[in-house]
Amino acid sequence: MTQRGTLDIVNLKKTFNVNGNTTPVLENINLKVKQGEFVSIIGPSGCGKTTLLRLVIGLENSYEGQILLDGKRINGPGLDRGVVFQDHRLLPWLTVERNVGLGLEGKRNGKVVNKEIVQAHLKLVGLQGFEKVYPAQLSGGMAQRAAIARALVNQPELLLLDEPLGALDALTRMYMQLELEKIWKREAQVTMIMITHDVEEAVYLSDKVVIMSSRPGTIKKIIPVELPRPRDRASYDFMKLKEEILEEFQLHAENVFSYAI
Amino acid sequence: MDVNKEVLKLRGLVVPLALLAVWWIITKNEWVSAVFLPLPETVAATFVKLFLKGKIFVDLNESITKVAKGFLVGITAGFLLGTAMGLSSTLEKLFGPLFNAVRQVPILGWIPVLILIFGLTELAKIIFIALGAFYPMTLNTFDGCRQLKKEYLEVARVFEFNKPRLLWRFILPSALPSILSGIRVSMSEAWMLVIGAEIFFKTRGGLGDMMWEAKTRVQMDIVFITILIIGLIGFILNYVMKILENRLLRWRISN
Ligand SMILES: Nc1ncnc2c1ncn2[C@@H]1O[C@H](COP(=O)(O)OP(=O)(O)OP(=O)(O)O)[C@@H](O)[C@H]1O
Ligand SMILES: [Mg+2]
């Protein structure tokens, strides 16, 4: 019996058919994620990160190899996995409260219990008082937080995040990284897999950074991050690890936008 | 700022008032015979007379009841067919071509058919009005049901929504803007057709009959008044629908 929230990807291969041509998008992907681990996936644009995540979500169903969640083959989406899309995808016609409660609607908890669960999650992401507001009235960061609350409401074992902070400005982004870490700590059981373009974000949050390369998308290297938490972005070890990852992309720190602390 | 807005609202009155002035000048100078174009004062006086006599309310009530019935039948049928075709491509293939062919027949073309089948009955008139409301409602509902973006559909899949909840939470709300404008268009269509129904199905009562009677007796002032009332009610209906739309689609307004 494997633990709740373990993901096992074995020899995964994924191709897309475009105008009769078969193009390989992912090849030879092997990845093990343990319960409660925070894993970041980083790689150049178009290398297949989103495709990999969509396979784990269950939105793409044709592939070779195996994707096992708790030892069972993934076969379509399920409430055991929470998803935060890059574009928050809150339903514009529902209030924040209703959006966050979407995942509870099929459950026979009763209204009062559902309301309590929604309240608790709004509190978790710091959105109390915004229950009756529509998504169009939220800022980008608030919408992303609502989306995170929505994904957590069913107590998924695995939370999948596709560049959740990609659209935010630098300051909001750093703030949200702290929030995300807080949530991850509080929901100790939940395994998180996050796609990001931001090396610093990956080092700050992850237990493991998966570096991908493109054409076809493969895993180039998996770098464990063993720095103690809370992490100090200015510490020597932090900087060194960041450098090491940037090295993989043949980039040097001075060429890359980094936060001044 | 608020004052400016109020002033802007009044802009809609400029052209009607100018027309009124032109009308008054023409009739005052007797450039046109009063038989064809009565004086504004005459029309106003007749209006007061009709108003006091009260028969106009009976006619108005008759027309409105007829419209309400035809409109409700038309939009219900249109909503059902539109949703059915919007949700199922099989149903769309079954009914779509027929619907699009039948739609090409002008509504007036149905009058002989309706009279031959139903006679000069209330039912014939209601079906005639319902038909007018049915087409725009079907088209708009059908269109609306196709508005849901693939991205949101994926959200529904992630949350394992079943068909009824998908319809209720995702498809219908995203179709709502389209459905509401369908209702609005159907409403004005129905209101326009009731006059036709009362004229062509030659029966007593209603604004159309009142207008036709006045025409027969060459009472241009009464014809004018009926036109004014018809226009005014159409305007009010449209306005009420707009307010309803704004309320129901609050979520679209940011800030
Ligand atoms: N449905 C699809 N049909 C055909 N090709 C696709 C499809 N989805 C993605 N691809 C292709 O697969 C490749 C990987 O796409 P993917 O979206 O996974 O990249 P990504 O790593 O997430 O990129 P980014 O960082 O820009 O988001 C791209 O070349 C893309 O064109
Ligand atoms: Mg992507």
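A salt bridge here is a side-chain nitrogen of Lys or Arg within 4 Å of a carboxyl oxygen of Asp or Glu. By that rule, there are 30 salt bridges over all chains of this predicted model. This being a predicted model, local features need pLDDT of at least 70 and side-chain atom pairs count only at pLDDT 80 or more, while totals for chains, interfaces and linings use all residues. Side-chain values use heavy atoms, with hydrogens and water left out; residues are numbered from 1 along each chain as its sequence is written, and chains are lettered from A and ligands numbered from 1 in the order in which they are written.

**Where the chains meet**

Four of the salt bridges run between chain A and chain B. One to look at joins Arg54(A) to Glu154(B), with the closest N and O atoms 2.8 Å apart. Taking contact to be heavy atoms within 4.5 Å, 28 residues of chain A touch 20 residues of chain B. Together the two chains bury about 2200 Å², and 63% of that is on carbon and sulfur atoms. Buried area is the accessible area (1.4 Å probe) that two parts lose on being put together, summed over both. For the complex, the predictor gives an ipTM of 0.86 and a pTM of 0.83.

**Inside chain A**

Back to salt bridges: Lys14(A) and Glu60(A) make one through their side chains (3.9 Å, N to O). This pair ties together distant parts of the chain, 46 residues apart, with Lys14(A) in strand S1 (residues 7-18) and Glu60(A) in the loop between helix H1 (49-57) and strand S4 (64-69) of chain A. Helices (H or I, at least four residues) and strands (E, at least two) are DSSP runs, numbered from the N terminus.

The backbone of chain A has some spots worth a look. The loop between S1 and strand S2 (21-33) of chain A holds Asn19(A), whose phi is near 50 degrees, a positive value in a residue other than glycine.

| Cis peptide bond | Omega | Loop holding the proline |
|---|---|---|
| Arg215(A) to Pro216(A) | near -10 degrees | between strand S9 (208-213) and strand S10 (218-224) of chain A |
| Arg229(A) to Pro230(A) | near -5 degrees | between S10 and helix H7 (236-248) of chain A |

**A pocket in chain B**

Now for the largest pocket, with a volume of about 710 Å³. It has 18 lining residues, and the closest to its centre are Pro16(B), Leu17(B), Leu20(B), Leu228(B) and Leu232(B). Helix H2 (14-28), helix H3 (40-53) and helix H11 (220-248) of chain B are the elements giving two or more residues to the lining. H11(B) gives the most, with eight residues.

On a 1 Å grid over the protein atoms alone, a pocket is an open set of points where a 1.4 Å probe fits, with protein on both sides within 12 Å along at least five of seven lines; lining residues have an atom within 4 Å of a point.

**How confident is the predictor?**

On pLDDT, the predictor's confidence in each residue from 0 to 100, chain B averages 89, and 98% of its residues score at least 70. Chain A averages 87, with 95% of the residues at 70 or above. Over residues 252-256 of chain A the pLDDT is below 50, and this stretch has five contacts in the model beyond near neighbours in sequence.

How values were computed. Grid points are joined across faces, edges and corners, and a volume is the space filled by probe spheres set on the points.
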